[in-house]
Amino acid sequence: MNDAITSARTRPAAGDNSARAFDVERIRADFPILRQRVHGQPLVYLDSAASAQKPRPVIEAMDRVYESAYANVHRGVHYMSQVATDAFEAGREKVARFLNAASSDEIVFTRNATEAFNLMASSFTRAFLKPGDEVLISALEHHANIVPWQLAREQFGIVLKVAPIDDDGNFLLDEFEARLGARTRLVSLTHVSNALGTIVPVAEVVRRAHARDIPVLVDGCQATPHMAVDVRALDVDFYVFTGHKVYGPTGVGVLYGRRELLAEMPPYQGGGEMIASVSYEKTTFKAPPHRFEAGTPPIAEVVGLGAAIDYVSDIGLEHIAAHEAGLRAYAEERLSAVPGLHIVGRARDKAGIISFVMDNAHPHDIGTIIDRAGVAVRTGHHCAEPLMHRLGLTATARASLGLYNTRGDIDALARALHAVAEIFG
Ligand SMILES: *Cc1c(COP(=O)(O)O)cnc(C)c1O
């Protein structure tokens, strides 16, 4: 293992975390972009659910790869190739520990979460589904967990079913269970809704699905930045997340899969890296995870993701969750006082995502006006059009929290929204 890659952050001993109180100003100092001003105002970044900003250790880890430890991985006998391969595979180990996977062989790197779902819709479907077999998703899904199954429906004749939510955005366990049938082959649903912040009771979903021997795939894109995830405690069979939302780089996603299920799945793409041997007559494939990683992988990005995992783990996901829970309560209180503003998504259990609409003001107008005050929120359907339709909306504005947000950020948001209310009141 190359010292240049690992030296930047040494992890504190277990139990050390509580001694170092969560210090948001110290955290903010790690994020160079937060020092920017936009439109002459300090940047108030409330769009981490779309993509989180990057701390200096992530940026520096990737720089170090290109400056001192770079070559293509896995095939080389020369020094640099071995150093790069060690750094890359160390990233896989970090992801395995982050999710508490039983083995790093259960960690497949993809381009992003979307590619992980496409891999599943292709490879899992070919391994385990026949025409007429069913995949059950929920009404909270991101398009990444809808559209690949529709493509599989066209190609393989599978059936897509949807478990409902209530008007507050709560996932309905009994309604879900009622849709598990003799032909259900997979449950695929989100851990945390990116549009509403609803936390789905995944452990209970798994319990009810496993009682019928149905495996469960979970979309963890909005869970991994905000809470500790343990795939073995949750007992999930597959778990997906994306690097750039957990303070890591773009260009890398993760598919965790239970070893015995991955072993039965055919390749998703063909090419280099994934083969055992090739002839024109017959090609044999490597075992997972390499079977699913055709072509040169995202080398520096995997090292950057490893650095991001170290970063959030050093702070402690439980401290991040507590910080964001306090901020969310504060934000919901401040926003509720804005005339004509309605929070969308009032689930009992929520992460740091606040969707809202305002009387008379279109979400795009809200977003554009408050941008002039330096406040960045996302507006639109949040890649969840069927969910918006379920709620009788076409769009919302969404403020999403990250570990670097402060009460001052929420105050700036509330001030800007009061100004919007005056314009459109
Ligand atoms: C962002 C997101 C995705 C897709 O992630 P990509 O990095 O764009 O592939 C999928 N699901 C949820 C819940 C998300 O928030």
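The model is predicted, so local features require pLDDT of at least 70 and side-chain atom pairs count only at pLDDT 80 or more, while totals for chains, interfaces and linings use all residues. Residues are numbered from 1 along each chain as its sequence is written, and side-chain values use heavy atoms, with hydrogens and water left out.

The protein chain is assigned domain 1 (41-54 + 316-424) and domain 2 (68-313). These bounds come from an automatic or database domain assignment. Taken over C-alpha atoms, the domain centres are separated by 28 Å. The contact takes 36 residues from domain 1 and 35 residues from domain 2. Contact here means heavy atoms within 4.5 Å.

An open sheet of seven strands has the order 4-10-9-8-7-5-6, with mixed pairing. Strands (E, at least two residues) and helices (H or I, at least four residues) are DSSP runs, numbered from the N terminus. Two strands pair if DSSP finds at least two bridges between them. Strand 4 (107-110) and strand 6 (159-163) stand at the edges; each has a single partner strand, so one side of each is left without a neighbour in the sheet. Neighbouring strands are turned by 20° against each other on average, direction ignored. Axes are lines fitted to C-alpha atoms, for helices over the stretch in contact, and angles run from 0 to 180 degrees between N-to-C directions.

Within this sheet, strand 8 (residues 216-219) and strand 9 (residues 238-242) run parallel and are joined by three bridges. Leu 217 stands opposite Phe 238 in strand 9. Two helices are described against these strands. Helix 5 lies across strand 4, strand 7 (184-190), strand 8, strand 9 and strand 10 (253-257). Its direction is at about 155° to strand 9. Helix 8 (residues 202-210) lies across strand 7 and strand 8, at about 160° to strand 8.

A further open sheet has four strands in the order 13-14-17-16, with antiparallel pairing. Strand 13 (341-344) and strand 16 (378-380) stand at the edges with a single partner strand each, so one side of each is left without a neighbour in the sheet. The twist averages 30° from one strand to the next. Four bridges pair strand 13 with strand 14 (residues 353-358) in the antiparallel sense. Leu 341 stands opposite Met 358 in strand 14. Helix 13 (residues 363-371) packs on the sheet and touches strand 14, strand 16 and strand 17 (396-400). The direction of helix 13 makes about 160° with that of strand 16. Helix 15 (residues 407-424) lies across strand 13, strand 14 and strand 17, running at about 15° to strand 14.

Pockets and cavities were defined on a 1 Å grid over the protein atoms alone. A cavity is a set of points where a 1.4 Å probe fits but cannot get out; a pocket is an open set with protein on both sides within 12 Å along at least five of seven lines. Lining residues have an atom within 4 Å of a point. Grid points are joined across faces, edges and corners, and a volume is the space filled by probe spheres set on the points.

The largest pocket holds about 330 Å³ of space. It is lined by 24 residues, of which Ala 49, His 142, Asn 194, Lys 245 and Cys 383 are the closest to its centre. Helix 5 (residues 113-128) gives the largest share of this lining, three residues. By class, the lining has nine nonpolar, 10 polar and five charged residues. Ala, Val, Leu, Ile, Met, Phe, Trp, Tyr, Cys and Pro count as nonpolar, Asp, Glu, Lys and Arg as charged, and the others, Gly among them, as polar. Domain 1 and domain 2 both give residues to the lining, so the largest pocket lies between them.

The structure holds one cavity of 30 Å³ or more. The largest cavity has a volume of about 30 Å³. Its lining includes Ser 48, Ala 49, Lys 245 and Leu 401. Six lining residues are nonpolar, three polar and one charged. Each of domain 1 and domain 2 supplies at least three residues to this lining.

Two backbone exceptions complete the description. Most residues other than glycine have a negative phi, and most peptide bonds are trans. Asn 100, not a glycine, has a positive phi of about 55°. Asn 100 lies in the loop between helix 4 (79-99) and strand 4. Pro 288 and Pro 289 are joined by a cis peptide bond, with omega about 5°. Pro 289 is in the loop between strand 12 (283-285) and helix 11 (299-315).
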